[in-house]
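Morning, everyone. I have one model to walk through today. Let me put it on the screen.

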Amino acid sequence: MTAFTPIGRVDSPFERPADVDHDLVDETEGTIVVDEEYAAGLDGLEDFSHIVILAHLDQIDDYHLRARPPHVEGVEVGVFATRSPHRPNPIAQTVVELLERDGNRLHVRGLDLADGTPVLDIKPYVPTVSEDEGLALGWLDER
């Protein structure tokens, strides 16, 4: 089995996963703090409007194979058809708007992760051809 080493952590207004307010996530701002040893890997990321954060949901202790999505009454589906944090492998993928890069700190909006969550990876968000245009795609815009 492969072990992953976090590259940073989340600074969030949500102390625990249960504190994440799904009604406010779109406007929730926070910071992804990347360990100094990985900061050079952020070069060029500031030219993208959105980024993908992969994180370890280290505060989740259990999983459920069935889930009820928030904001939908009477619907229960398999956990893999939801964004529920209660998964067999508690890994989160979230797309956030990148507001600013300040050295090893990425200021973002749209954050749905709890404070202190370990960050495993960061990638630029690259939509498919059929998706909405108008996103800044950094170095990809120059192709």
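Start in the core. The largest nonpolar core holds 21 residues, and Ile 32, Ile 51, Leu 106 and Ile 122 touch the most other members. By nonpolar core I mean a set of buried Ala, Val, Leu, Ile, Met, Phe, Trp, Tyr and Cys residues joined through side-chain atoms within 4.5 Å. Buried is under 20% relative accessible area, exposed is over 50%, and partly exposed is in between, with a 1.4 Å probe and protein chains only. Two or more residues of this core come from each of β2, β3 (50-56), β6, β7 and β8 (118-124). Strands here are DSSP runs of E, at least two residues, numbered from the N terminus.

Some housekeeping. This is a predicted model: local features need pLDDT of at least 70, side-chain atom pairs count only at pLDDT 80 or more, and totals for chains, interfaces and linings use all residues. Residues are numbered from 1 along each chain as its sequence is written, and side-chain values use heavy atoms, with hydrogens and water left out.

Now the fold. Which strands close the barrel, and in what order? There are 6 of them, running β1-β2-β7-β6-β3-β8, with antiparallel pairing. On average, neighbouring strands of this sheet are turned by 45 degrees against each other, direction ignored. The axes behind that angle are lines fitted to C-alpha atoms, and angles run from 0 to 180 degrees between N-to-C directions.

Let's go through some of the pairings. Two strands count as paired if DSSP finds at least two bridges between them. β1 and β2 are antiparallel, over 4 bridges. There, Arg 9 has Val 33 in β2 as its bridge partner. Arg 9 also has a bridge partner in β8, namely Pro 118. β1 and β8 are joined by 2 bridges, again antiparallel.

Next, β7. It is joined to β2 by 5 bridges. It is also joined to β6 by 5 bridges. Both pairings run antiparallel.

Which residues of β7 are on the covered face, and which on the uncovered one? Leu 106 and Val 108 are covered; Arg 105, His 107 and Arg 109 are uncovered. In a regular strand, side chains alternate between the two faces of the sheet.

Beyond its neighbours within four places in sequence, Leu 106 is in contact with residues including Ile 32, Leu 42, Leu 45, Ile 51, Leu 98 and Ile 122. Contact means heavy atoms within 4.5 Å.

The whole structure has 11 salt bridges. The criterion is a side-chain nitrogen of Lys or Arg within 4 Å of a carboxyl oxygen of Asp or Glu. Arg 109 forms one with Glu 29, closest N and O atoms 3.2 Å apart. That pair links distant parts of the chain, with Glu 29 in β2 and Arg 109 in β7 (residues 105-109), 80 residues apart. Arg 109 forms another with Glu 97, at 3.0 Å between the closest N and O atoms. Glu 97 lies in β6 (residues 91-102), so this pair ties β6 to β7 across 12 residues of sequence. Through shared partners, salt bridges join Glu 27, Glu 29, Glu 97 and Arg 109 into one network.

How accessible are these side chains? Glu 29 has 44% relative accessibility, so it counts as partly exposed. Glu 97, at 27%, is partly exposed. So is Arg 109, at 23%.

Last stop, Thr 28. This residue sits in the loop between β1 (8-11) and β2 (29-34). Is Thr 28 buried or exposed? Buried, because its relative accessibility is 9%. A polar atom of its side chain lies 2.8 Å from the backbone oxygen of Leu 24. Leaving out residues up to four places away in sequence, Thr 28 touches Pro 13, Phe 14, Val 108, Arg 109, Gly 110 and Leu 111. And that brings us back to Arg 109, a member of the salt-bridge network.

Note on methods
Polar contact = N/O pair within 3.5 Å; in protein donor to acceptor, adjacent residues only side chain to side chain.
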